[in-house]
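Please walk through the model shown here, with attention to one helix and to a few backbone angles.

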Amino acid sequence: MATLARHLTPRDLWLVRMLYEHRVLTTHQITRLAYTSLRSAQRRLRTLHGHAVLDSFRPLVQSGSAPEHYALGPLGAALLAAHAGLDPNTLGWRPTTTGRIAYSPSLGHDLGVNELLTLLAAHTAPGTGLPLWLSERSCARRWGDIVRPDAYAHWQSDGRLLPFFLEYDTGSQPLARVEAKLAAYAAFTGATNTRPALLLHTRTQSRNQALRHRLASAARELGLNVATASADFTTTEPWGPWWAPLQPGAHRTTLERLAALWPGLTPAAGLEPTDADTALTLPVPPLPPEPEATQ
């Protein structure tokens with residue numbers, strides 16, 4: 001392992017941390033975050049897979065072929081534990097981990113969350129970016145006694161910051177269950193005296209309209225800053241004018257404009273490092289630490 005570690009780049013080690021944090025990323029998601037071309041990404045990913053740093057699978061699809069899906073491999077887990085100074089058993093990695101991810105009923109949901117957030121993270125226009133992205137697991141570790149969002153992130157654009165919780169709705173939950181989550185987010189605001197926005201993303205516009213009709217009154221009564229969008233619009237540019245605040249007469253707008261519309265937003269509590277944190281519980285930068293030559 002020591003010999004292998006000497007041949008790993010900072011970008012490789014960053015990817016190992018990202019896969020531990022976010023569980024599964026496709027070739028295309030990794031490419032947009034860390035590589036200048038699909039070919040260079042595929043070449044490096046195959047090398048890392050060959051050394052068991054990464055594991056991979058390709059789900060069956062009804063037509064065409066799915067991209068390669070990457071997860072943490074056995075050597076990757078061992079390297080991660082060594083760099084953190086921890087026992088490998090504390091990572092929770094097992095030889096069956098990749099299989100559990102591949103056959104999990106939540107795979108489509110998890111990939112949808114990661115698709116949305118990797119698109120935001122890779123959009124690096126001047127003054128724009130996603131400096132923070134926490135996974136569902138990291139959110140549960142910090143705030144699971146009150147809320148359990150699918151992700152938490154900070155979107156920054158033109159000097160404005162939009163801290164937000166993400167609920168990625170696939171349509172599998174009854175509307176009443178989604179509505180019940182609003183009370184938890186209101187409780188979070190009251191308990192922590194912080195006010196992130198809540199972004200609700202649905203797969204279809206029809207589901208989006210049903211949620212808006214069901215949630216509008218509760219969101220208003222609870223004083224929450226909520227906006228909704230659907231994959232019918234956000235497919236490639238989720239930062240764009242696709243998000244409609246959950247209030248009467250609202251029009252779709254950009255994430256930057258949402259931050260301007262809601263000047264009272266503040267980042268969530270519990271983001272500062274504590275003595276209980278380890279190298280594995282600190283946030284992973286959504287982009288590699290520095291540009292590197294193509295490998």
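What covers the buried residues of H10? In this predicted model, the cover includes strand E6 (160-169), H9, E7, strand E8 (226-230), helix H11 (231-234) and strand E9 (244-245).

Helix H10 itself runs over residues 205-222, which makes 18 residues. From its first C-alpha to its last it reaches 24 Å, close to the 26 Å expected at 1.5 Å a residue. The helix has a kink of about 45°, centred on Leu 215. Leu 215 is also one of the buried residues of H10. An α-helix has 3.6 residues a turn, so residues three or four places apart point the same way. After H10 comes Gly 223, with a positive phi near 70°.

Positive phi values also occur in residues other than glycine. Asn 193 has a phi near 55°. Asn 193 lies in the loop that joins helix H9 (175-192) to strand E7 (197-202); H9 and E7 are among the elements that cover the buried residues of H10. With a relative accessible area of 73%, Asn 193 is exposed.

Ala 52 is another non-glycine residue with a positive phi, here near 65°. Its place is the loop between helix H4 (38-50) and strand E2 (54-57). Is Ala 52 partly exposed or buried? Ala 52 counts as partly exposed because its relative accessibility is 22%, and buried would require under 20%.

Conventions
Residues numbered from 1 in each chain as written. Predicted model: local features only at pLDDT ≥ 70, side-chain atom pairs only at ≥ 80, totals over all residues. Heavy atoms only, no water. Helix = DSSP H or I, 4+ residues; strand = E, 2+ residues; numbered from the N terminus. Buried < 20%, exposed > 50% of the residue type's maximum accessible area, 1.4 Å probe, protein only. Expected span 1.5 Å × (residues − 1). Bend = angle between axes of the 7 residues up to and from the residue. Contact = heavy atoms within 4.5 Å.
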